[in-house]
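User: I would like a close look at a single part of this model. Please keep the answer connected and plain.

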Amino acid sequence: MIWEAIQRAKRQKLDLHVIWLDLANAYGSVPHCLLWKALRTHHVPQTITDMLKQYFGAFKMRFSTQTFTTDWTQLEIGIAMGCTVSPVLFVLAMQVLLKASEAETEPVDLGQGVHMPPLKAFMDDTTVITNSRDKAQTVVNRLDYSIKWRRMKFKPA
């Protein structure tokens with residue numbers, strides 16, 4: 001869809017601003033409180049949420065050196081790679097962040113009555129598409145604010 005939008009804008013000589021963003025440490029940076037908000041937002045039954053809270057509540061970590069070992073600490077950030085439910089939880093959490101930013105802009109006008117949503121995402125990769133530089137900057141600023149607010153970040157490159 002993005003490639004088609006770029007080609008269409010070239011053919012019709014339209015302004016199109018496309019920005020690709022990649023979340024740093026995607027699974028490892030998702031705060032558990034964002035997961036609970038995402039589950040509430042998407043109307044997941046409380047029994048399922050409680051089960052997931054119990055599961056994630058068992059995530060603990062400690063550090064050891066040759067002379068010292070810390071106490072066990074419960075993790076409040078990160079979801080497990082390889083866990084069957086983790087991709088679903090990650091997508092739900094990202095959807096909450098994307099919806100908060102999407103309100104800042106309108107669909108992209110690709111000419112001849114064709115419009116496209118301004119945000120596209122696949123897992124931790126997000127694409128911002130707008131018709132103006134100012135709109136692109138507004139959406140990126142809002143996304144950056146939402147991500148930083150949850151102590152996450154995009155890769156600088």
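Predicted model: local features only at pLDDT ≥ 70, side-chain atom pairs only at ≥ 80, totals over all residues.

Analyst: F56 counts as buried, with a relative accessibility of 1%.

The helix comes next. F56 is one of the buried residues of α3, listed with T49 and L52. Helix α3 covers residues 46–57, twelve residues in all. From the first C-alpha to the last α3 reaches 16 Å, close to the 16 Å expected at 1.5 Å a residue. Viewed down the axis of α3, the buried residues lie within an arc of 65 degrees, so they line one face of the helix. An α-helix has 3.6 residues a turn, so residues three or four places apart point the same way. T47, M51 and Q54 are exposed on the other side of α3.

The buried face has two partners: the buried residues of α3 pack against α2 (32–41) and α4 (86–102). Two packed helices are described by the angle between their axes and the distance between the axes. For α2 and α3, the axes come within 11 Å and cross at roughly 170 degrees. An angle over 145 degrees counts as roughly antiparallel, and α2 and α3 are therefore roughly antiparallel to each other. On the α2 side the contact is made by H32, L35, W36 and L39. On the α3 side it is made by T49, L52, K53 and F56, so that F56 takes part in this contact.

The structure holds five aromatic pairs. In one of them, the rings of Y55 and F56 have their centres 5.2 Å apart and their planes at 75 degrees, so the pair is edge-to-face. Y55 is partly exposed, at a relative accessible area of 35%, whereas F56 is buried at 1%. The ring of Y55 also pairs with that of F59: the centres are 5.3 Å apart and the planes are at 70 degrees, so this pair is edge-to-face as well. F59 has a relative accessibility of 18% and counts as buried, the cut-off for that class being under 20%.

Ring pairs link W36, Y55, F56 and F59 into a cluster. Two of these residues, W36 and F56, are also named in the contact of α2 with α3.

Terms used
Residues numbered from 1 in each chain as written. Heavy atoms only, no water. Phe/Tyr/Trp six-rings, centres within 6.5 Å; stacked < 30°, edge-to-face > 60°. Buried < 20%, exposed > 50% of the residue type's maximum accessible area, 1.4 Å probe, protein only. Helix = DSSP H or I, 4+ residues; strand = E, 2+ residues; numbered from the N terminus. Expected span 1.5 Å × (residues − 1). Arc of directions from axis to C-beta. Contact = heavy atoms within 4.5 Å. Axes fitted to C-alpha atoms, helices over the stretch in contact; angles between N-to-C directions. Parallel < 35°, antiparallel > 145°, perpendicular 65-115°, else oblique.
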